[in-house]
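Please open the model in your viewer and keep the selection panel at hand.

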Amino acid sequence: MAEQAGIESVPTLPKLPAKLERQHQAMLEAMNREWPGSITQVGFEQLNQDQQALRNGTVTFGLTEEDGRQRIDLAWDEQNSTLATTLTLPTWNHCSSQILSTGRHDLGDFVCPEKGSWRLGWPWLTLKQVTWTDNSREPGESESFVLHLEITPRIAADLKRAEWEHAVDLTQTLFWSTAQLAYDTAELSFVPSKKDGLDALCQSLIERGLRYLVPAEPHTPANWGERLYVVQSYLSSESFKRRDTDSLAQAAPHGVVCYRARSETGADGRLVVVVTPVFNIPHAHKPVVDPLKVIPVFKENVLQPPPISFLPELS
């Protein structure tokens, strides 16, 4: 079976300690039961305020964003002689999604300059095939018409499914960045000095296959928050790149395959062209977040971990 456009094979993820594995599975089960955040239906103008993007052929049917990226920083707790984080565990329900509302969206009117060129008023329509239904006609030369974009309940369900996948990806991004650092830091107990604690943290992350989280200069605590931001930005961008970006050969998994069009007569007697997008959004979720594709920046080896103690893991 051919791979979906933009999506490679399922990533091989680093092995997790038992405690984190249970947390990971609970997180996945929760996201299958309910939306990892919030979702609302909005109008065309609200989702497509970027006129330049529309002119360049990009139309937005759905959008998912993080409510606010939760930055985690490291600090040295002198009193307890250990490292501390500004955040213990992240909040999973942290995404806001929007999709085009069900019904018709009036995209304005246009005068067709010549036969067959009715789509020139909406460049994003020119990039996809348009199939006309029976007993419908294209606008004729110099004919004025109105364009409606129709979102049926079935299409809205497809859009919701697509944005759910992005919300899951963003939650996975948070898990494979912030949650991992928070876990390893919390597992550290007494350390003789800040340097020893940071060395131990590096050692633990590297042994768990998470070298990508270690900053190039790990002995500066502020560098850890900056490194996490870079990791999160890369992983979240991969979600949209692999699911939303068309290849030269086919539409992306979340992309429009084609449009169906039909014509009717409006209340004012003018021609109305109604276009409906066709999607082929997969119903089987395929993970795309692959933290091991993040290029590590810490090149050294921590060969002699300092004398520290770790909290024993409860099975």
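At what angle do helix H1 (residues 18-33) and helix H5 (residues 153-187) pack, and how many Å apart are their axes? In this predicted model, the angle between H1 and H5 is about 160 degrees, and their axes lie 11 Å apart. Because an angle over 145 degrees counts as roughly antiparallel, H1 and H5 are roughly antiparallel to each other, and their crossing is right-handed. To display the contact, select Lys19, Leu20, Gln23, His24, Met27, Leu28, Met31 and Asn32 on H1, together with Trp164, Val168, Thr171, Gln172, Phe175, Trp176, Gln180, Tyr183 and Glu187 on H5. Coloured by residue class, this selection separates into 9 nonpolar, 6 polar and 2 charged residues.

On the H5 side, the contact is made by Glu165, His166, Asp169, Leu170, Thr173, Leu174, Ser177, Thr178 and Leu181, while H7 contributes Trp224, Leu228, Val231, Gln232, Leu235, Ser236, Ser239, Phe240, Arg243 and Asp244. The residues of this contact between H5 and H7 comprise 8 nonpolar, 7 polar and 4 charged.

Now zoom out to the whole chain, whose secondary structure comes to 7 helices and 10 strands. Of its 315 residues, 47% count as buried, and the accessible surface is about 16,000 Å², with 51% of that area belonging to carbon and sulfur atoms. If you list the contacts between residues at least 6 apart in sequence, 78% of them join residues at least 24 apart.

The last stops concern backbone torsions. Most residues other than glycine have a negative phi, which gives a reason to select Ser81, where phi is positive, near 50 degrees. Ser81 lies in the loop between strand S3 (74-77) and strand S4 (82-85). Is Ser81 buried or exposed? Its relative accessibility is 11%, so Ser81 counts as buried.

Finally, select Asn135, another residue that is not a glycine and has a positive phi, here of about 65 degrees. Asn135 is found in the loop between strand S7 (130-132) and strand S8 (144-151), and because its relative accessibility is 83%, Asn135 counts as exposed.

Conventions. Residues numbered from 1 in each chain as written. Predicted model: local features only at pLDDT ≥ 70, side-chain atom pairs only at ≥ 80, totals over all residues. Heavy atoms only, no water. Axes fitted to C-alpha atoms, helices over the stretch in contact; angles between N-to-C directions. Helix = DSSP H or I, 4+ residues; strand = E, 2+ residues; numbered from the N terminus. Parallel < 35°, antiparallel > 145°, perpendicular 65-115°, else oblique. Left-handed = near helix turned anticlockwise from the far one by under 90°. Contact = heavy atoms within 4.5 Å. Nonpolar A, V, L, I, M, F, W, Y, C, P; charged D, E, K, R; others polar. Buried < 20%, exposed > 50% of the residue type's maximum accessible area, 1.4 Å probe, protein only. Areas by Shrake-Rupley, 256 points an atom, 1.4 Å probe, with all protein chains shown as cover.
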